[in-house]
Amino acid sequence: MGLVRQGISIIHFDETYFEQPKLLQHRHEDLDFRQMQHVNLFCEDDSLDLLMHQLRRRRQKGITFIGSGNYHYMSFLLLKEMTKPFTLVLFDNHPDLGMNQNQDESLLSCGSWVSYALDEIPLLQQVVIIGPTTISQTHINHPRVVIFPFDGRHHYSFKSILSVIHTQHVYISIDKDVLNAFEAATNWDQGVMNLQMLTQYLEMLGKHKQIEGVDICGEEHISPADMLLPDYQAMIQKNENANLTILDTCLKTREQKQMGHKLLLDGKIS
C-alpha cells in the first residue's frame, strides 16, 4: 500500500512557490505556465488542450503542487491519467461540484471540476469529499458522491471513511482551504480541520490503499510588490510549513510501500 508513483512536480501559474525555498529544495520538476492566458478560475478549451499536452510530457507524477485554489481544475486533467478504477478522495472546504452554475453552459472551473470528472472519466468510481463546512450530504443528490462535512465538533473515524471507499486505488486531491486559518492562508473561505488531522487521514489512506497520485493547492496569491511585507511573509511561511508537512507525510507512504515490497521479496527469496 502507499503512494504508487514517484516524483514531485511543481506547477507555476505565478511566482508563489518561488518564495518557498524549503519546498523547492526537494528534487522536483518545474512546469512554468505563467504566460498561459484564460486559465484563472475558468479554463478555456484552447488553454486546456495546451495544459494537458504539457502535463503529459512531465516525468514526475507522484505528487503535484498546483498553486492557488483558482487552478484546482488541474486535478481534472491529472485524474484523466489514471489507468485503473479508482476513488477520488478530496480534502476541500468546498465540494467543487458546480452546484451554482449551469454546467452545460459553463467552462471547466475550479468550482465545477469534480462534476466534469464524474461525467467524463469512466474509471472514476466515486468521490469522497472530506472537510467541507459549506455543505452537507443532504444537499448532494449524486449516487457516487459521499461527503464528510466538518463543523469542528466531531471527528470521523478512519473506519467510517474507509468503509465508503470501495476501490483499492485512490487519488488524493488536497485544497488547503480545508484547513483552519491558523495553519494555512488561502484566497477562499476556510474550513476547520487542523493539519495533524489531515496528515492522520493521509497516513491512514497510505496504509490501506494504493495511492495513484496526490495534488495540493490552496496557495494565497501574492503579488511581487507585496512579498516583502511582514504580513505576507508570515502567510508564505505558514503555507510552506503546511506544504512541507503534507509532502513529508505523502513521501513516507511511498517509503512504506517500498519497504513492504522489499519485505515481500525477501520473504519469497527465503
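Strand E10, helix H6 (residues 195-208) and strand E11 form a right-handed β-α-β unit; right-handed means that, with the strands pointing away from the viewer, the path from the first strand over the helix to the second runs clockwise. Helices (H or I, at least four residues) and strands (E, at least two) are DSSP runs, numbered from the N terminus. The model is predicted, so local features need pLDDT of at least 70 and side-chain atom pairs count only at pLDDT 80 or more, while totals for chains, interfaces and linings use all residues. Residues are numbered from 1 along each chain as its sequence is written, and side-chain values use heavy atoms, with hydrogens and water left out.

E10 is largely enclosed by the rest of the structure, because 7 of its 7 residues (169-175) are buried, that is, under 20% relative accessible area with a 1.4 Å probe, protein chains only (exposed is over 50%, partly exposed in between). His169, Tyr171, Ser173 and Asp175 lie on one side, and Val170, Ile172 and Ile174 on the other.

In helix H2 (residues 45-57), the buried residues are Ser47, Leu48, Leu51, Met52 and Leu55. They cover an arc of only 135° around the axis (from the directions to the C-beta atoms), which puts them on the same side of H2. The face turned away from that side carries the exposed residues Asp46, Arg56 and Arg57.
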